[in-house]
Amino acid sequence: MLQTMSEIINFQHEYFQDGDETKLRPMILKDIADELEMHESTISRVTTNKYMHTPRGVLEFRYFFSSQLSGSDGNDQSSTAIRARIKRLIGQENPDKPLSDSKITKLLQSEGVNVA
């Protein structure tokens, strides 16, 4: 478990340095399994229902794993990071005039994120 946790921290070092969810990189079980020369099922068992105390609170190991979306600049982006951007936009909106879905989509596109 310690090896897995260390590899997750290495892989997601920008997130741990900055504490910004938008810094999360796309990561799947195979990424960690390959680095540790273990089977994906082993990594799955190690990360299921396990938690890590971080400066941002206690987070489930699975929090750091996410699918990826390709940005308009060709860089892959974590779906977790994109959800964090959407949450930030909604948190900053005027409650009397909330952003429409299409406006959120356009704002994300201006950041290089293509979502429907």
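This is a predicted model: local features need pLDDT of at least 70, side-chain atom pairs count only at pLDDT 80 or more; totals for chains, interfaces and linings use all residues.
A polar contact is a pair of N or O atoms within 3.5 Å, where one must be able to donate a hydrogen and the other to accept it within protein. Keep that in mind for Thr47, whose side chain makes a polar contact with the side chain of Arg62 at 3.0 Å.

**The whole chain**

- The protein chain has 6 helices and 4 strands.
- Starting at the N terminus, you'd read the elements as α-α-α-α-β-β-β-β-α-α.
- The C-alpha trace spans about 50 × 30 × 25 Å along its principal axes.
- Take contacts between residues at least 6 apart in sequence: 49% of these join residues at least 24 apart.

**Surface, burial and charge**

- Out of 116 residues in the protein chain, 34% count as buried.

**A look at Thr47**

- You'll find Thr47 in helix α4, which covers residues 40-47.
- Is Thr47 buried or exposed? Thr47 has a relative accessible area of 0%, so it counts as buried, the cut-off being under 20%.
- Leaving out residues up to four places away in sequence, Thr47 touches Thr4, Ile8, Leu29, Phe61, Arg62 and Phe65.
- Arg62 turns up in that list of neighbours, and its side chain is also the polar partner of the Thr47 side chain.

**Salt bridges**

- Side chains of opposite charge can pair when their charged atoms come close.
- How many salt bridges does a search of the whole structure find? The search turns up 2.
- One of them links Asp18 with Lys23, with the closest N and O atoms 3.6 Å apart.
- Asp18 is partly exposed, at 48% relative accessibility, and Lys23 is partly exposed too, at 31%.
- Another pairs Lys30 with Asp34, where the closest N and O atoms are 3.0 Å apart.
- Where do Lys30 and Asp34 lie? Both are in helix α3 (residues 29-36), and they sit 4 residues apart, about one turn of the helix.
- Lys30 has a relative accessible area of 38%, so it counts as partly exposed, and Asp34 is partly exposed as well, at 47% relative accessibility.

Note on methods
Residues are numbered from 1 along each chain as its sequence is written. Side-chain values use heavy atoms; hydrogens and water are left out. A salt bridge is a side-chain nitrogen of Lys or Arg within 4 Å of a carboxyl oxygen of Asp or Glu. Buried means under 20% relative accessible area, exposed over 50%, partly exposed in between (1.4 Å probe, protein chains only). Helices (H or I, at least four residues) and strands (E, at least two) are DSSP runs, numbered from the N terminus. Contact means heavy atoms within 4.5 Å.
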